[in-house]
Amino acid sequence: MSAGAGASRPLPGAWYALALVAATQAISLLDRNILAILAPAIKADLKIGDAEMGLLYGTVFALFYALFSLPLGRLADGWIRTRLLAIAILFWSLATGTAAFAGGSLLLMLSRLGVGIGEAASQPAGTSLLYDYFPRRRRGTVMAILAAAIAIGLGGSLVIGGGAADWWHRRYPTGGAPLGLAGWQFAFLVAALPGLLIAPLMWRVREPVRGAVDGIATPRDPHPFGASLGVLGAITPGIHWVALARRRATTRDWLVNAGILVLIVAGMIAAIRWAEAFSPRPPLVLGGVAISPHVLQWSVIGFGIFVIANLLQSLRRNDPPAFAAIATSPSVILCIAVGALQGVVNYGVMGFTPSFLMKTYHLSPGATGLQFGLLAAALGVIGPLIAGPLSDRLSGGRPRERVWVTLFALAVSPLIAFWVYRAPSAGAFYFRFTFYSLVLTMWMPPLYAVLYDQVLPRMRGITSSIYLFAMTIIGLGIGPYAVGLVSDATHGDLATAILSVNWVAPAIVVMLVILALRVDRDQASLLDRTRAAGEKV
């Protein structure tokens, strides 16, 4: 069947499925980000420091979220996505609620680990599901609604988390609360509730025929769970060597893997030495062991890069058509690279802007959380809802015109940023930030629509997982860290530090121009490339 022979209208039930997946994305970000607003109370109650909170908020979550997104993305490509989503929602909601009973950092860490694992299935399974409900020409709008839901979840985490904790504290100011819960513990229970309600609804959503909307026949996967476990074994450093041995890997495979590891370790050592010279920091004490924060930082980054290298090597050996669709497509690689680098900007800016507002304009934490949280959430809804339908209208489903919308957003927004972070007052900042965020948030829907149309329907889950992995390890792993480095080196100049991450913008612009010039050609060659690699389509 040809890729153009599919449906021209959304399938029955598509909008209901979109509403549930969007709600899933919103509560995913709510449960993920609520720790940020509750951090001061948690630190005071559990007597833990900023280092431990940083590990809970960033490193622990990001590492397990990124790692498990790959096998769960593969499971989404072979199993019933509605059931996978329902189970994942229930799992991470229960993990969120578990934090309410934490009496120390260990249970909090286990809670964050569980949230990371559960949420790893959300975007790969949700995106794959919706792409089998909606035709190509409507997918910009679909991704816009999902991006808006993410913004609502992020903003809602500040409003709901802070509001629930404050309400509980006012109700029981002198103690005597049920189960002895503090305000921050009650907030975790509130955050867990929506997922417990949505999970059974998601279980009952009809699973569409994979690939039918695109007119691409997709055979049933006979062993989705085995394939998912195989991916986990093939990518996990250390365990992957067992997988290589069991697959009777060639001498060349072993040498390539060892060479990649040597290069990554060398890069880590160079990065650690540079960072320690640029911004020396005291060691963190974790479990009685002192460790340099730069060593911890770059070890996680190196671990992530090695995982991706292992995955691509495994795909080349075990699923040549997927390797051909993903790793040999310049457009797929460019989309992932653009998203990862823009993640450095987004996470760096959003991670430190509340601190910038409080320090520069002397705002209270409560006022900052409410004002900035609501503004960021509103703009995070409006921007994507403009960009998604606009890219649908301009492109008619063709990818090149979608790229131009992303290029506009990511070329113009860094210029506005230099105006925003030099504002003389809080009011001027919010006025300028409105224009900045409105333009900036337009990049995601069209780029996502392009990315997932570059692969076959059965590969969208793993493609989404690779994208999320790169975005998490590079974006979340480097963005806030880079801003912190520059801030320390400039004696706390947060404006300069936040603006510094925008220097990745020229590389992003160049990559998007190249993407626009070749994306139509790469999409047109998809079926030929995968057929040549053995795909029966």
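A polar contact is taken here as a pair of N or O atoms within 3.5 Å, where within protein one atom must be able to donate a hydrogen and the other to accept it, and where residues adjacent in sequence count only if both atoms are side-chain atoms. The structure is a predicted model, in which local features need pLDDT of at least 70 and side-chain atom pairs count only at pLDDT 80 or more, while totals for chains, interfaces and linings use all residues. Residues are numbered from 1 along each chain as its sequence is written, and side-chain values use heavy atoms, with hydrogens and water left out.

Under the polar-contact criterion, the side chain of His 240 is paired with the side chain of Trp 241 at 3.0 Å. His 240 belongs to helix α9, helices being DSSP runs (H or I, at least four residues) numbered from the N terminus. With a relative accessibility of 2%, His 240 is classed as buried, a term that denotes under 20% relative accessible area, whereas exposed denotes over 50% and partly exposed the range in between (1.4 Å probe, protein chains only). When residues up to four places away in sequence are not counted, His 240 touches Gly 233, Ala 234, Ile 235, Asn 257, Phe 306 and Asn 310, contact meaning heavy atoms within 4.5 Å.

The loop between α9 (239-246) and α10 (251-278) contains Arg 248. Arg 248 is exposed, with a relative accessible area of 74%, and its phi is near 55 degrees, a positive value in a residue other than glycine.

The axes of α10 and helix α11 (residues 293-318) come within 9 Å and cross at roughly 160 degrees. That angle makes α10 roughly antiparallel to α11, given that angles over 145 degrees count as roughly antiparallel, those under 35 as roughly parallel, those from 65 to 115 as roughly perpendicular and the rest as oblique. On the α10 side the contact includes Val 256, Asn 257, Ile 260 and Ile 264, and on the α11 side it includes Trp 298, Gly 302, Phe 306 and Asn 310. By class, the contact of α10 with α11 comprises 13 nonpolar, six polar and three charged residues, where Ala, Val, Leu, Ile, Met, Phe, Trp, Tyr, Cys and Pro count as nonpolar, Asp, Glu, Lys and Arg as charged, and the others, Gly among them, as polar.

Helix α11 also packs with helix α8 (residues 224-235), at an angle of about 130 degrees and with the axes 8 Å apart. That places α8 oblique to α11, and the crossing is right-handed. Val 231, Ala 234 and Ile 235 of α8 make this contact with Val 307, Asn 310, Leu 311 and Ser 314 of α11, and the residues divide into five nonpolar, two polar and no charged.

For helix α15 (residues 399-420) and helix α16 (residues 426-440), the axes come within 8 Å and cross at roughly 165 degrees. The two helices are therefore roughly antiparallel, and the crossing of α15 and α16 is left-handed. Among the residues of α15 in this contact are Phe 408, Val 412, Ile 416 and Trp 419, while those of α16 include Phe 429, Arg 432, Phe 433 and Tyr 436. The contact of α15 with α16 divides into 15 nonpolar residues, one polar and one charged.

Further buried positions were found in other helices. Ser 128, in helix α5 (residues 122-131), is buried at 1% relative accessibility, and its side chain is joined to that of Arg 81 by a polar contact of 2.9 Å. Beyond four places in sequence, the residues that Ser 128 touches include Asp 77, Arg 81, Arg 210 and Arg 460. Ala 151, in helix α6 (residues 139-171), is buried at 9% relative accessibility; beyond four places in sequence, Ala 151 is in contact with Ala 377, Gly 380 and Val 381. The C-alpha atoms of Ala 151 and Pro 384 are 9.6 Å apart in space, although 233 residues separate the two in sequence.

Key
Axes fitted to C-alpha atoms, helices over the stretch in contact; angles between N-to-C directions. Left-handed = near helix turned anticlockwise from the far one by under 90°.
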